[in-house]
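Look over the model below.

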Amino acid sequence: MKRSEINAIMREADAFIKRQGFYLPPFAYWTPSDWANKGEEVREIVDNALGWDITDFGKGNYAEFGLFLFTVRNGSPDNLKTGKGKIYAEKLMIVRERQKTPMHFHWNKIEDIINRGGGRFLLQLYNSTPEGELADTDVVVSVDGVKQTIPAGGKITLLPGESITLEQYMYHTFWAEGGQVLVGEVSAVNDDHHDNRFHAPIGRFPDVEEDEEPLHLLVNDYAKYYRP
């Protein structure tokens, strides 16, 4: 992805988030020069990958296969072992109309996905086989605390205010219809480097072509710009 495209997505996303009545934390708006003056006091942001996360999954077509995310809060995977500290995470996502996130599941993370506003949010669900393939068994899922059973590959539609619980090893892909959707995610600790199992191998983070300066840093920029 070109940095100019990423910067434009950030501006559009920030405006859409505010229109939905949600506001990002102050660190969302730090510039690269701001980051150059940060020290150990921001280590939690860096170590737990809080912040902007925009990806085309290495496919080079963000409009068709892409996702905007912003991690508002997150703990460390080590916290899950001790049961101390933050053992939870919260993300915002923006899913554009008919923009798909590739089929995947999480080995460790259980998550609630919430339609926070906008259009209709659609998910297609499968169980996983022990070998990591798409199972042909019915999927049992909780939608706002109500159990539903759908066939393998069945779809769930969430309207604004509705939510779904996705358990471990539950394959899911999603997209929006009737307008883009602001999506919330409340989950156990998020680990995007080790806890995503995509059905078809893809890249989780984009390759960035630096055609202009970053507006704000992506989580995968921290190693380059943060020097405590």
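Is Thr 157 buried, exposed or partly exposed? Thr 157 is partly exposed, because its relative accessible area is 39%. Buried means under 20%, exposed over 50%, and partly exposed in between (1.4 Å probe, protein chains only).

This is a predicted model: local features need pLDDT of at least 70, side-chain atom pairs count only at pLDDT 80 or more, and totals for chains, interfaces and linings use all residues. Residues are numbered from 1 along each chain as its sequence is written, and side-chain values use heavy atoms, without hydrogens and water.

Thr 157 sits in strand β8 (residues 155-158). Strands (E, at least two residues) and helices (H or I, at least four) are DSSP runs, numbered from the N terminus. Glu 90 belongs to strand β3. Glu 90 is buried.

| Residue | Relative accessible area |
|---|---|
| Thr 157 | 39% |
| Glu 90 | 16% |

The side chain of Glu 90 makes a polar contact with that of Arg 73, at 2.5 Å. Such a contact is a pair of N or O atoms within 3.5 Å; within protein, one must be able to donate a hydrogen and the other to accept it, and residues adjacent in sequence count only if both atoms are side-chain atoms.

Now the cores. A nonpolar core is a set of buried Ala, Val, Leu, Ile, Met, Phe, Trp, Tyr and Cys residues joined through side-chain atoms within 4.5 Å. The largest has 31 residues. Trp 35 and Phe 68 are among those with the most contacts inside it. Helix α1 supplies the largest share of this core, six residues. Apart from it lies another core of 23 residues, including Leu 67 and Ile 156.
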